[in-house]
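This report describes charged pairs and nonpolar cores. Please read it alongside the sequence and the model.

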Amino acid sequence: MDSKSKYKTKQRTLLLEYFENLEKDHVTAADVYLYFKENDIKIGQATVYRQLEQMVDEGILNKYTIDANTPACFEYIEKAKCHDDICFHSKCEKCGKLMHLHCDELKEIKKHLEKKHGFFLNTQRTVFYGVCEECSEKNFNEKC
């Protein structure tokens, strides 16, 4: 058996099905556990966390650790928007939404940092903080 392969357990199958049918880009382990709890599907919280980490190790999920105050997000690689491309992230400081940024200008900044400063940026962990369009419009409309 390949060292990366894992036994097929009922819980693992449930988690894979969850990610295959997931509408969102990113979820936390708490989101996953809450989904199963709300749907009366018996799976322990520790099992969810353990299985998610194993799936990251196996290359099934991406894991994004944004900052010390935010829980890690998981993304199913089959649906990943950052799978084969340089991808930065932005996080809304109001609603907490994590978004992918595919931007040629940012790629140029990455190249500049490498060429001129000898600094190799990890784009999977690069996060820009600000306010998303939705929250910005909401805030503007509340002031009117």
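Is Lys 63 buried, partly exposed or exposed? With a relative accessible area of 34%, Lys 63 is partly exposed; buried means under 20% relative accessible area, exposed over 50%, and partly exposed in between, with a 1.4 Å probe and protein chains only.

## Basis of the model

The model is predicted: local features need pLDDT of at least 70, side-chain atom pairs count only at pLDDT 80 or more, and totals for chains, interfaces and linings use all residues. Residues are numbered from 1 along each chain as its sequence is written, and side-chain values use heavy atoms, with hydrogens and water left out.

## Salt bridges

Side chains of opposite charge can pair when their charged atoms come close. The structure holds 6 salt bridges, each defined as a side-chain nitrogen of Lys or Arg within 4 Å of a carboxyl oxygen of Asp or Glu. One of them joins Lys 63 to Glu 53, with the closest N and O atoms 2.6 Å apart. This pair links distant parts of the chain, since Lys 63 belongs to strand 1 (residues 61-64) and Glu 53 to helix 3 (residues 45-57), 10 residues apart. Helices (H or I, at least four residues) and strands (E, at least two) are DSSP runs numbered from the N terminus. Glu 53 is also partly exposed, at a relative accessible area of 31%.

A further salt bridge is formed by Lys 97 and Glu 134, whose closest N and O atoms are 4.0 Å apart. Lys 97 sits in the loop between strand 3 (88-92) and strand 4 (98-101), while Glu 134 is in helix 5 (residues 133-143), so the pair ties together parts 37 residues apart in sequence. Lys 97 is partly exposed at 33% relative accessibility, whereas Glu 134 is exposed at 58%.

Asp 104 and Lys 107 also meet in a salt bridge, at 3.8 Å from N to O. Both lie in helix 4 (residues 104-117), 3 residues apart, or about one turn of the helix. Asp 104 is exposed, with a relative accessible area of 54%, but Lys 107 is buried at 18% relative accessibility.

## Nonpolar cores

A nonpolar core is a set of buried Ala, Val, Leu, Ile, Met, Phe, Trp, Tyr and Cys residues joined through side-chain atoms within 4.5 Å. The largest has 16 residues, and those with the most contacts inside it include Tyr 18, Phe 36 and Leu 61. Helix 1 (10-20), helix 2 (29-38), helix 3 and strand 2 (73-76) each supply at least two of its residues, and helix 1 gives the most, with 4 residues.
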